[in-house]
Amino acid sequence: MNLNTYFMEATYLVASILFILSLKMMSHPETARRGMFLAEGGMFAAIIGTLVGTNIITWTWIIAGLALGSIIGGWMAVTVPMTAMPQRTALSHAFGALAAALVGIGEFVVHASEMGTVTRGALGFEVMLGALTTTGSLIAAGKLQGVIGGKPIQFRGQNAVNLVIFLGMVTSFFYFWAHPEVVVAFYTMLTLAFVFGVMLVIPIGSADMPVVMSLLNSYAGLAAAATGFVLGNNVLIIAGTLDGFSGFILSVLMCKAMNRSITNVLFGGFGSVIAEAATDTGGVMREISLDDAAMQLAFANRVVFVPGYGLATAQAQHAVRELAELLESRGVTVKYAIHPVAGRMPGHMNVLLAEANVPYSSLYEMEQINPEFPSTDVAVVIGANDVVNPDARDNPKSLIAGMPILEVDRAKSVIVLKRGQGRGFSGLENPLFYKPCTTMLYGDAKSSLSHLAQAVQHV
Ligand code: NAP
């Protein structure tokens with residue numbers, strides 16, 4: 001080993017340690033931001049190490065790639081709003097997975113005949129996972145962005161067709177593994193993997209997309225780890241494995257939060273078959289005036305705020321904190337109830353509220369806060385819908401049946417802040433809005449909250 005190689009291996013070690021520490025720090029909102037910086041530092045170290053320790057044939061393409069990637073990445077980071085982060089992440093997965101697949105194809109073209117069986121197996125795995133993650137992530141991004149309809153796309157015999165594609169893909173993989181000289185087996189596997197990625201995601205409704213996303217994240221990580229085996233690159237193996245397994249653990253946690261079985265997710269056949277049977281709401285939504293809502297809040301003992309996607313779109317995190325502080329100054333106990341999939345990405349609400357300096361000790365997870373709703377005077381639902389839909393608990397035929405919810409309907413009184421009669425992400429009707437304990441305060445969440453704060457001051 002020469003000096004450059006030593007330097008490269010040392011930077012890989014530093015990068016791996018930084019990745020592990022960053023993951024640890026990202027598990028808590030208070031340290032998550034620092035964790036991100038550590039991960040960025042790790043990635044930077046790995047890039048520098050690779051450039052120093054590798055025999056570079058030409059810098060032209062590397063510099064062009066760095067410049068183009070930085071411009072696109074920087075532009076996306078600055079312009080994409082927080083609410084569109086899931087589709088942005090899906091695009092990143094697609095690019096990462098495509099990179100893994102392209103490296104694999106390059107290795108196949110140049111070195112396939114001289115590879116050992118283990119490396120060849122890793123190469124096939126990398127290309128197969130990389131290709132299916134690329135198209136699967138592009139479909140997920142399209143669904144989340146609303147370019148492709150969010151409804152499940154289904155047809156008769158879909159499962160049989162998917163099974164045939166899957167078996168064809170796996171058979172070509174093994175054929176390529178045993179006979180690397182049969183080029184057609186490799187390209188058949190590649191084509192079927194691209195098709196399988198599409199078929200895997202189209203039957204899934206957008207309400208289940210968070211789980212799909214974290215699962216695709218896991219696939220992209222595993223593809224990167226396989227690339228590491230093919231190239232003999234330790235940092236890729238470590239980073240890919242961390243990504244692959246943390247993505248998988250996140251998928252399992254989110255499955256739990258949405259009551260989806262991980263087996264169904266793995267085989268891509270979930271979130272699609274149950275017909276909606278909305279509860280006959282049989283009532284009307286009752287509107288509440290600003291002054292009446294302010295009165296209820298000002299004279300309450302316990303108030304729980306339930307933030308959802310609408311709070312994020314309205315950027316109402318500062319307004320809710322101001323109202324909460326005002327109520328607290330009047331002796332009201334205020335808590336925030338955080339559903340694990342409220343908003344559009346895991347941790348969305350925690351990040352927003354932390355940005356507005358809401359104390360972390362005021363945030364309560366679903367399991368902690370649910371038993372407290374019966375003793376809550378007013379639950380204020382701010383732009384949340386699916387995560388407070390009692391049909392998930394009460395109606396076994398509902399599309400979201402079994403998804404754990406924040407049981408705000410058990411509070412003494414519920415005030416829902418939303419703009420109008422719009423539905424939630426799942427597109428389902430919400431019987432909560434028709435319950436006798438519920439009243440609606442229509443308007444943009446941010447202006448409703450600011451007006452409420454003004455009105456509370458005059459009570
Ligand atoms: P939601 O079900 O999407 O409902 C959001 C509600 O906010 C809508 O009913 C909308 O009604 C209202 N709204 C929108 N803009 C508003 C504004 N400016 N001011 C006031 N209200 C506004 O949100 P959620 O209850 O947070 O549920 C999250 C959903 O997203 C779940 O179905 C979850 O599975 C899914 N999801 C979650 C993740 C994740 O990882 N967290 C990722 C992807 C998808 P109006 O139009 O009437 O205002």
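A residue is taken as near a molecule when one of its heavy atoms lies within 4 Å of that molecule. By this criterion, 32 residues surround the ligand, and the closest are G343, R344, N385, D386 and R419. The model is predicted: local features need pLDDT of at least 70 and side-chain atom pairs count only at pLDDT 80 or more, whereas totals for chains, interfaces and linings use all residues. Residues are numbered from 1 along each chain as its sequence is written, and side-chain values use heavy atoms, with hydrogens and water left out.

A polar backbone atom of N385 is 2.7 Å from an oxygen atom of the ligand. Of the 930 Å² of accessible area that the ligand has on its own (Shrake-Rupley method, 1.4 Å probe), the protein covers 95%. Two or more shell residues come from each of α9 (234-258), α12 (309-314) and β5 (413-418); α12 gives the largest share, 4 residues.

The largest nonpolar core has 74 residues, of which F305, V306, Y336 and F373 touch the most other members. Such a core is a set of buried (under 20% relative accessible area, 1.4 Å probe, protein chains only) Ala, Val, Leu, Ile, Met, Phe, Trp, Tyr and Cys residues joined through side-chain atoms within 4.5 Å. Beyond neighbours within four places in sequence, Y336 has contacts (heavy atoms within 4.5 Å) that include F305, V320, L353 and Y364. Another core, of 40 residues, lies apart from it and includes A90, L144, M169 and Y219.

Methods: Buried means under 20% relative accessible area, exposed over 50%, partly exposed in between (1.4 Å probe, protein chains only). A polar contact is a pair of N or O atoms within 3.5 Å; within protein, one must be able to donate a hydrogen and the other to accept it, and residues adjacent in sequence count only if both atoms are side-chain atoms.
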